[in-house]
Amino acid sequence: MQKKFLTIFIAGLLMIGCNDQSESKTAQSTTVSEAKTSEKTSENTSQQIAAKANKGNLWLSVFNTNFTLAEQQLTNRVSLPSTLINLDKEVDRYLKQFQDKNGNIDYNRIKNDPIKRIGLFVGSNPSPEDLDDYKQLINKLIAIKPELPELDNAGKVLGDKFVELGLAYDKAAKYYTTNEYKLDELAKLPELFNNLENAYNQYIEAEDIAFIAYDKLYKEIHAFQKAEIKNQGLMLHYNCIEFIDISEEVVALINRNFAENNDFKNLDKSIIEPKIEQLESIANELIANKGKTDLIKKQALNNIYYDKFADTLPQLVNQMKVVLKELQTAKIENEVKSLNGTLDHVIDRYNSVIN
């Protein structure tokens, strides 16, 4: 689960004071002029960062095949059909049902299970017209300022692969829904499934590249935004960010060690345990502010989702403790999977809170 950029971005305010009454008017004028120039520069920087962050969030929504945000901002309407949402996951689910233990398509299984092969296609496939509307949305997104060459290019490639995947899915679906498969006794089946599988694999490769480009931009902008939030004294908002950032650090450390044959001999608990204590402290503070609607709003947070976000934090902290407890047991693989799933869930809630 990817974190969204901060969507509430507050530019720093420069406080100008002239307490020295003996200061000459010329000196005062120079001080005020310099201050205004500095303030203007700060505002311009903030606006540039905010524009990048907004476009980054639009791309993230597209990468997650959730087009509402991009459609509302770019077209003032929401019209793309549900068949486009989670299209990649639908295709993945469909293909996996007919794979053998080596990951190859078992055509005999398809031929012998007509209910599955037909039922999943009906109503799930996007039309070529829907995919064309999606492509137009991608073009609009690329065109808006500022230009983000690496992310825009990766998004364009991913968009093209998404269209190819949708067309391959639609073609395979129509092979069944028009009863063509009865005429040729499934002779075209291997070709259609091969095209669908290739289109899916190419989409996944493009998706990986797109998320790498997004992460690169995120790292570039996130530290600046986070510092601005802290400078504004929005500590509740800051602590929401800090909780997620530290959580990602902890889970990354665990995943890095876990990947090496489930061997945790090199995992330094003395590094992780203080971070867990820090997370627990932040979680307690965030939970203590549940229901304080006015405060939450003043902190530039979404009060509708804040309480649900806060409620998820103890589960994540406790799951980290469970992983450390079960490091050398047979349960560890499932516990690490659970930790990653819990983090994704918390980030999903976080994305709603900072929206």
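A residue is called buried when its relative accessible area is under 20%, exposed when that area is over 50%, and partly exposed in between (1.4 Å probe, protein chains only). The model shown is predicted, with local features needing pLDDT of at least 70 and side-chain atom pairs counted only at pLDDT 80 or more, whereas totals for chains, interfaces and linings use all residues. Residues are numbered from 1 along each chain as its sequence is written, and side-chain values use heavy atoms, with hydrogens and water left out.

**View 1. Overview of the helices in the chain.** The chain has 14 helices and zero strands, where helices (H or I, at least four residues) and strands (E, at least two) are DSSP runs numbered from the N terminus. Of the 355 residues, 42% count as buried. Contacts (heavy atoms within 4.5 Å) between residues at least 6 apart in sequence join, in 75% of cases, residues at least 24 apart.

**View 2. The ring pair of F162 and Y203.** The ring centres of F162 and Y203 are 5.9 Å apart and the planes lie at 55°, so the pair is classed as tilted; rings of Phe, Tyr and Trp (its six-membered ring) pair if their centres lie within 6.5 Å, with planes under 30 degrees apart counted as stacked, over 60 as edge-to-face and the rest as tilted. This pair links distant parts of the chain, since F162 belongs to helix α7 (residues 149-177) and Y203 to helix α9 (residues 189-231), 41 residues apart. F162 is buried, with a relative accessible area of 1%, and Y203 likewise counts as buried at 1% relative accessibility. Ring pairs link F67, Y134, F162 and Y203 into a cluster.

**View 3. The ring pair of Y94 and F98.** A search of the whole structure finds 13 aromatic pairs. In the pair of Y94 and F98, the ring centres are 5.4 Å apart and the planes are at 65°, so the arrangement is edge-to-face. Y94 counts as buried at 1% relative accessibility, and F98 counts as buried at 1% as well.

**View 4. The packing of helices α10 and α11.** The axes of α10 (residues 235-258) and α11 (residues 269-288), as lines fitted to C-alpha atoms over the stretch in contact with angles running from 0 to 180 degrees between N-to-C directions, come within 10 Å and cross at roughly 150°. The two helices are therefore roughly antiparallel, a class for angles over 145 degrees. Residues of α10 including L236, F243 and V250 meet residues of α11 including I271, L279 and L286.

How values were computed
Parallel < 35°, antiparallel > 145°, perpendicular 65-115°, else oblique.
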